Amino acid sequence: MTSAARFVQQVSRPQGAPTAGNFAFVEAPVPTPEPGTALVENIYLSVDPYMREAMDEGHWELGTPLEGRSIGRVIDSRTPELAVGELVFHRYAWRTHAVVRPSEARVLPPLTDIPLSAYLGVLGGTGLTAYVGLTRIARVQPGESVFISAAAGGVGSAAGQIARLLGADRIIGSAGSAAKVKHLTERLGFDAAFDYHDGPVAELLGRAAPEGIDVYFDNVGGEHLEGAIDALREYGRIAWCGAVSQYNSGEPSAAPRNLYDVVCKSLRLEGFLVRNYRSVQDELEGFLVPHLRSGQVLVDETVVEGFDRVVDAFTGMLRGENTGKMIVQVSEAP
Ligand SMILES: NC(=O)c1ccc[n+]([C@@H]2O[C@H](COP(=O)([O-])OP(=O)(O)OC[C@H]3O[C@@H](n4cnc5c(N)ncnc54)[C@H](OP(=O)(O)O)[C@@H]3O)[C@@H](O)[C@H]2O)c1
């Protein structure tokens with residue numbers, strides 16, 4: 001075991017896109033667990049878009065260790081509920097070591113053929129967000145057309161693959177580069193995809209879905225939402241998951257300028273937060289694990305190696321440097 005632990009704290013509020021100067025790496029002795037707790041050495045850290053909003057005034061405090069989802073290994077324990085060697089999911093990321101109480105940790109199943117990192121991606125909150133948006137919010141039906149934005153990211157790549165398993169007939173994705181468009185159609189089974197930099201979203205989507213769409217899974221907001229409202233057929237549904245095009249701007253977007261079409265076309269637009277659906281986690285695992293085993297669903301992820309690169313991974317994810325779920329590996333995986 002190393003003698004030093006490291007963590008990242010935020011030292012200033014980002015103006016627009018966050019930069020390395022907004023963060024500091026801090027070193028401290030590896031903590032000793034108190035009775036009733038266990039010491040975890042982190043293996044994988046998740047960096048997520050919601051963290052950008054948490055960095056603004058009124059959310060995360062400056063000068064304290066940042067938080068986020070993580071998977072690690074118990075290396076010292078003062079509680080019978082967490083045994084040394086067990087792999088656990090918890091919410092103390094942005095650090096190499098964490099002291100957790102049993103109520104704060106979920107013991108993961110023993111290692112199988114499914115990669116451990118999947119529990120931060122398609123089998124974790126990311127996959128759960130996609131699954132809830134499609135099954136509980138949009139309620140996708142077999143034969144329907146589904147459009148997904150930020151489709152080559154963590155939630156988007158899971159949503160595309162899950163929509164297919166739910167029987168969606170035509171799945172369309174938007175992403176930020178030609179390479180990602182190729183990834184969507186050639187690796188993830190999307191029927192059509194476009195790079196949203198190539199023109200107005202409404203036009204690009206109109207070309208990719210000339211018959212219209214039934215469901216829009218919105219990760220982006222703004223112009224994407226406006227284009228999707230245009231393309232939605234009567235009684236279509238929008239599962240509004242996120243608005244990543246706006247997180248750095250701090251300004252509300254002028255789009256969608258066609259919101260009243262929600263009335264004219266009898267659309268349903270519903271926002272949701274995955275934290276209100278944690279009870280669906282077992283259902284997600286029951287649904288996806290056989291498809292992961294059969295290879296029908298891919299664990300789509302970008303793994304950045306080294307604790308030193310956690311800030312780069314976070315800012316890079318906001319710029320679209322990831323394909324699939326962005327994960328940081330900070331120690332050796334079993
Ligand atoms: N409601 C919930 O409970 C919940 C839970 C988890 C996540 N979310 C939301 O789901 C969305 C996706 O999250 P994720 O964790 O899977 O992240 P992600 O999609 O893996 O990463 C963010 C992606 O956003 C895209 N992006 C950045 N700026 C953009 C812009 N101006 N326009 C369009 N795309 C842009 C980038 O891809 P490109 O290269 O394609 O631009 C980037 O890869 C986010 O909006 C997030 O807030 C919501």
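Visitor: Does Glu-104 count as buried, partly exposed or exposed, at 23% relative accessibility?
Guide: Buried means under 20% relative accessible area and exposed over 50%, with partly exposed in between (1.4 Å probe, protein chains only). Because Glu-104 has 23% relative accessibility, the residue counts as partly exposed.

Visitor: On what kind of model and numbering do these values rest?
Guide: This is a predicted model, in which local features need pLDDT of at least 70 and side-chain atom pairs count only at pLDDT 80 or more, while totals for chains, interfaces and linings use all residues. Side-chain values use heavy atoms, leaving out hydrogens and water, and residues are numbered from 1 along each chain as its sequence is written.

Visitor: Which residue forms a salt bridge with Glu-104?
Guide: A salt bridge places a side-chain nitrogen of Lys or Arg within 4 Å of a carboxyl oxygen of Asp or Glu. The closest N and O atoms of the pair are 3.4 Å apart. The partner, partly exposed at 46% relative accessibility, is Arg-101.

Visitor: What is the relative accessible area of Thr-315?
Guide: Thr-315 is placed in helix H9, residues 310-318 (helices, H or I, are DSSP runs of at least four residues). A polar atom of its side chain lies 3.3 Å from the backbone oxygen of Asp-312. Thr-315 is buried, because its relative accessible area is 9%.

Notes. Helix = DSSP H or I, 4+ residues; strand = E, 2+ residues; numbered from the N terminus. Polar contact = N/O pair within 3.5 Å; in protein donor to acceptor, adjacent residues only side chain to side chain.
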